[in-house]
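Please look through the sequence and the model shown here, and keep both in view while you read.

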Amino acid sequence: MAEHKHVDLSVPSPARMYDCLLGGSNHYEVDRAACDELLRAAPTSREIALQNRWFLQRVVRVLAEDHGIRQFIDFGSGLPTQRNVHQIAQEVDPESRVVYIDTDPVVLALGRSLLDENNNTAILPVDMRDTDEIFGHEHVARLIDFTKPVAALFVSVLHCLPDSADPKALVERVMAKLVPDSFVVVCHLVSDSAQVRDDVTNLMLDKTGGNWGRVREAADVEAIFEKLHVEEPGLVDVTDWRPDSEIQQRQRSIEWTEFGGLGKVLPTQ
């Protein structure tokens with residue numbers, strides 16, 4: 001799919017809103033205003049953004065240190081911030097390779113400036129749903145050896161896809177490319193409250209001009225892991241996924257959560 005080059009400053013971007021919630025600087029007034037409305041609808045949205053980022057950092061470290069993963073594909077990677085995937089993985093092994101995938105023009109511009117001097121990383125201006133283009137891309141061919149284990153990351157991104165895009169099928173298309181002992185990471189915004197699901201989904205659809213999916217239920221995320229071996233501690237609020245500190249665990253979201261975990265690709269029967 002074609003690269004999006006124009007930054008429409010009249011429409012909030014999910015990636016820039018996330019940056020705003022994290023306390024970053026790569027967003028605009030329209031994004032801040034949308035975050036203000038989101039915080040009124042779900043007051044612990046800032047906590048959920050922080051927990052998601054901390055989960056990403058922990059799970060990448062676990063994959064690199066405990067499972068020896070040296071290849072990562074980050075689907076819908078979002079804006080670069082401190083402690084990105086390649087930085088964590090390359091602390092464990094400088095030869096670790098990372099491919100980021102995103103279409104947000106601000107993400108692409110900042111990502112390229114960050115990665116220009118790192119030969120073991122690349123950022124692709126491709127819609128994450130277009131798996132044929134991703135797997136056929138020259139940078140993927142250069143960096144990723146699919147005869148060896150790979151970690152595919154879908155961190156706080158599948159809720160940006162509508163049901164018509166079938167997020168579960170997307171993950172399964174990626175899984176089909178991976179050898180056994182590869183891993184898939186998924187976390188997704190969920191809520192037990194139908195009111196919260198509807199309110200946040202409608203708000204985000206309205207503010208982003210339809211560039212959103214929906215807040216789902218935990219059962220929807222569990223279905224994505226049906227063909228994977230779920231690693232300990234299972235599928236949980238990511239606040240509780242191998243936490244580093246009690247301080248981080250106290251930064252809890254209430255109205256909704258990031259729910260997910262780490263799954264290993266099994267040999268086909």
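A pocket is looked for on a 1 Å grid over the protein atoms alone: it is an open set of points where a 1.4 Å probe fits, with protein on both sides within 12 Å along at least five of seven lines, and its lining residues have an atom within 4 Å of a point. This is a predicted model, in which local features need pLDDT of at least 70 and side-chain atom pairs count only at pLDDT 80 or more, while totals for chains, interfaces and linings use all residues. Residues are numbered from 1 along each chain as its sequence is written, and side-chain values use heavy atoms, with hydrogens and water left out.

The largest pocket is lined by 48 residues, and S13, P14, A15, C160 and N211 are the ones that lie nearest its centre. The volume of the largest pocket is about 1100 Å³, where a volume is the space filled by probe spheres set on the points, and grid points are joined across faces, edges and corners.

From the pocket we can turn to the strands. Strand β1 covers residues 71–75, and five of its five residues are buried, a word that means under 20% relative accessible area, whereas exposed means over 50% and partly exposed lies in between (1.4 Å probe, protein chains only). On one side of β1 are Q71, I73 and F75, and on the other are F72 and D74. Strands pair if DSSP finds at least two bridges between them; β1 runs parallel to β2 (residues 97–101), to which five bridges join it, and F75 has I101 as its bridge partner there. Three bridges also join β1 to β4 in the parallel sense, with F72 standing opposite A151.

Strand β4 (residues 151–155) in turn runs parallel to β5, with five bridges between them, and F154 is partnered by V186. In β5 (residues 183–190), eight of eight residues are buried: F183, V185, C187 and L189 point one way, and V184, V186, H188 and V190 point the other way. Strand β5 also pairs in the antiparallel sense with β8 (residues 257–265) over eight bridges, and F183 stands opposite K264 in that strand.

Which residues have the most contacts inside the largest nonpolar core? They are F75, I101, F154, L158 and V184, in a core of 35 residues, that is, a set of buried Ala, Val, Leu, Ile, Met, Phe, Trp, Tyr and Cys residues joined through side-chain atoms within 4.5 Å. Helix α8 (residues 167–177) gives the most to this core, with four residues. A second, separate core has 31 residues, including L79, I88, I123 and V238.

Finally, some places in the backbone deserve a look. S156, in the loop between β4 and α8, has a positive phi of about 55° although it is not a glycine, and S156 counts as buried because its relative accessibility is 17%. A cis peptide bond joins E232 and P233, with omega of about 10°, and P233 lies in the loop between β6 (228–230) and β7 (236–237).

Definitions and conventions
Helices (H or I, at least four residues) and strands (E, at least two) are DSSP runs, numbered from the N terminus.
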